[in-house]
Amino acid sequence: MNSTGRRATLPAALMVLMALAATAAFAQARPSEKGGLSIPLPPGTPPADPSYRGSPALSWYYMVKDADSDGDGLSDYEELHKYLTDPAKADSDGDGIPDGDANERREYTYTIEAVRTLRTWYHPEAMDDSFQDVEVISEKDGVLTYRVVLYPYANDAPVGDPAWKAHASDPAFARLLAPSRTANWDEAMRAEILASVPAGIATDLELARYLVPACLARRTNPAAIAKGVDPIDLRVDLRGADAFIPPASKALFKARSSRSYPADSDADFLLGMLFAKTMFDRRLDGACTESATYLVAVLRAAGIPARGIETNALLDFSDPKQVALLGQLTNADLREALRKEAPSYNGHHYVEAYIGGRWLKINNDRRVGVGILDVGGTAISCKCDAYFDVADTPVSEIWRKGYPNPLPYRLVSLSDRYGPWFDKARLTPAPGPAPWGVDIQGRTKAYLLGGKEFCEGNAWRLEGLRPKLCSIQYFLPAWLEEGAVLVVSTETPWDQLPGALKKLVTREKHRLITGDRPYVVTLAGATVIFASAGQAGTP
Ligand SMILES: [Ca+2]
Ligand SMILES: [Ca+2]
Ligand SMILES: [Ca+2]
C-alpha cells in the first residue's frame, strides 16, 4: 500500500473484475480424480461460493471511518493502537516528514518487515488489517509476492458504533450474518443461543465475550475426527453439489471407525466434522478449522457479523534457508518463540467479528480481541485470507497439490526494527508471550490473573458472576470496580504482581500466601482472592 489513502475503497469495477477472475479460476477446480469419495449433502445445504474474493465484506471496507484529526493520512485510531504516533500532530517527531509516510509509521513502535510469497490461496485486500500493512509486489501464475510490515504489539479496541446495523441491508454485508454452507445455523439454534444469554448483556461486545467461551465450553463430546486431523488434512472439497474426499485422504476419512463419536454414515460423519449446526447440536469438539466455522455460525446466529480468516506461519520451517533468516531478528523473545515452532506446516483458522464498527479477532481459546502473537500455535500469524465460509476456499485444491511439499507460503526476506521513539511502556499488550485470557473492559465483574492452567481451571468456578467467564490479559487497576472480583494465582511470582496489588500485599505477606487456602483482600472496593488452581471457589 502507499503512504496515504490507507483503507481506500476498492473501485467497484476492480472488485467486479476480481470476482470474475476468481470465478474463472475456480469454476473448473472441482476435482475429478477417480477413486475419491463423493458424499451427497443434505437437501437445502446452502451452496458454496468460490467467487468470494473481492467482496468488500471481506476487506476493511465497512469498518467505522475514524477521524484523522491531524490530517497525516493515519486515523486517530490507528495512531493510538497500531502506529503509536501522535494523533494530534501530523509530524510526531518534527523531522519534516508526516506520520503517514511508510517509514515514519514504524518510528514509534516495533515492526517486522518481510517479503513473502503465497501460492494460490490469498486475498490481498483482506490481508491489510490492524496488525499488518501489505504491499503487493507481483501476482503471477497463482503466486503472490508481497511485502508486509507486521505490527505485533498493535491492539484492537472496540468502540460503540450504533450506526453499523445500517450496513445489514447491504447484500454484501448481509452475508456476514446469514447461514452459509458449513457455518450453518437455523432458528432453533438461534433461539437456543439467545435463551442462554444472561440478563444484563447490552452490547455486541458483551454478547461476544459471553457467547464465545460459553459456546466453546458446551462442546463436551469428543471431536468428530482424530486430534490433529482436520478437514484440511482430509482435503474435503465442498465447493460442488456434494462433498468430495480425494483418493489421497480417503483412507484417513474411512479410518474414523476408531474414533469415539459414532456416526452412521459417511454423510453423517461429514456433517459432524464440518457443519456448525451439527457441531452445535451434538456438542462436538473440533480443531481450529471446525472451531472457526462453529464460532462464525454462533456469532451470526446471535446477530453479530462474522467471517473466518486463514493465517499461516511466518516461514516454512522445513527450509533451512528460511529458518536461517530468523537470525535477522533483533527481538530475542520473538526470534526464540519462532524457533520453537513446529518444523512443519503451521497454519491457523480463526474468526473476525464485526463489533462496534471494527473487526475484532476471536480465537478458539476463548480470547475476544486477540492479536497476531501466539495464536493457534504460531508465534506470529500472517493473515492471507478472509472468507464467508471455509467451503468457499480452495484449501482442498491446494492440499492436493503436493502438501506438505511445497508449502503454500515462503519467506523471502526478513528484518525487524525498534523505532527510534519506541517506548516499551506504551505497548498494550506488552512484549512477551501473550497471556491467556479475554481482554476485559466494560461491565465485567470478575477477573483471573495467572497462567493458562490456572485460568482455565478456575474460570468455570466463577459461574454466577457476570459474564460467566472472566479472565485477564493485563491487569489495569482501572478495571477493578466496586463489587468486582480478581482471582490471582498463588503461583504468580512477586515480580509479576500488578503494582496496585504490590502496594496492598507486602513482599513478606506474599511469601506467606500458599496454596492451602484462598487469601482474600480488598482493593478499591473489589475483592481480591489469592488461590491455587482448583480452589478459587465461590467468593
Ligand atoms: Ca492522523
Ligand atoms: Ca499523527
Ligand atoms: Ca516525522
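**Figure 1. Helix α11 and its length.** Helices (H or I, at least four residues) and strands (E, at least two) are DSSP runs, numbered from the N terminus. Just after α11 comes Gly303, with a positive phi of about 90°.

**Figure 2. The whole chain, for orientation.** Keep in mind that this is a predicted model: local features need pLDDT of at least 70 and side-chain atom pairs count only at pLDDT 80 or more, while totals for chains, interfaces and linings use all residues. Residues are numbered from 1 along each chain as its sequence is written, and chains are lettered from A and ligands numbered from 1 in the order in which they are written. The protein chain holds 17 helices and 15 strands. Of its 539 residues, 45% are buried. Take the contacts between residues at least 6 apart in sequence: 73% of them join residues at least 24 apart. A contact here means two C-beta atoms, placed from the backbone, within 7 Å.

**Figure 3. The largest nonpolar core.** This core has 100 residues, and those with the most contacts inside it are Ala208, Leu211, Val298, Leu299, Ala353 and Ile362. Helix α11 gives the most to it, with 9 residues. A nonpolar core is a set of buried Ala, Val, Leu, Ile, Met, Phe, Trp, Tyr and Cys residues joined through C-beta atoms within 7 Å. Another core, of 12 residues, lies apart from the largest one and includes Leu448, Leu486, Leu501 and Phe530. In soluble globular proteins, nonpolar side chains tend to be buried together. Zoom in on Ile362: leaving out residues up to four places away in sequence, it touches Ala208, Val212, Leu295, Tyr350, Val351, Ala353, Arg367, Val368 and Val370.

**Figure 4. The five-stranded sheet with β7 and β8.** Here 5 strands make an open, antiparallel sheet in the order β8-β7-β6-β10-β9. The edges are β8 and β9 (373-375), each with a single partner strand, so one side of each has no neighbour in the sheet. The twist averages 45° from one strand to the next; axes are lines fitted to C-alpha atoms, for helices over the stretch in contact, and angles run from 0 to 180 degrees between N-to-C directions. Strand β7 (residues 347-355) pairs with β8 in the antiparallel sense over 5 bridges, pairing meaning that DSSP finds at least two bridges between two strands. Ile355 sits opposite Arg358 in β8. The β7-β8 hairpin has 2 residues between its strands, and Gly356 takes a positive phi near 60° there. Helix α6 (residues 204-217) lies across β7 and β8, running at about 145° to β7.

**Figure 5. Both faces of strand β8.** Strand β8 (residues 358-362) is mostly covered, with 5 of its 5 residues buried. Arg358, Leu360 and Ile362 point one way, Trp359 and Lys361 the other.

Figure 6. β3 and β4 (residues 143-150) pair over 8 bridges. Glu139 is bridged to Leu144, and Gln132 to Leu150. The hairpin has 2 residues between its strands, with Asp141 in the turn.

Figure 7. Most residues other than glycine have a negative phi. Asp141 goes against that with a positive phi near 50°, and it is exposed, with 7 other C-beta atoms within 10 Å. Leu84 has a positive phi near 60° and lies in the loop between α2 and β2 (110-119). Leu84 counts as buried because it has 26 C-beta neighbours inside 10 Å. In helix α2 (residues 76-83), the buried residues are Tyr77, Glu78, Glu79, Lys82 and Tyr83.

Note on methods. A residue is buried if 20 or more other C-beta atoms lie within 10 Å of its own, exposed if 12 or fewer, and partly exposed in between; C-beta atoms are placed from the backbone.
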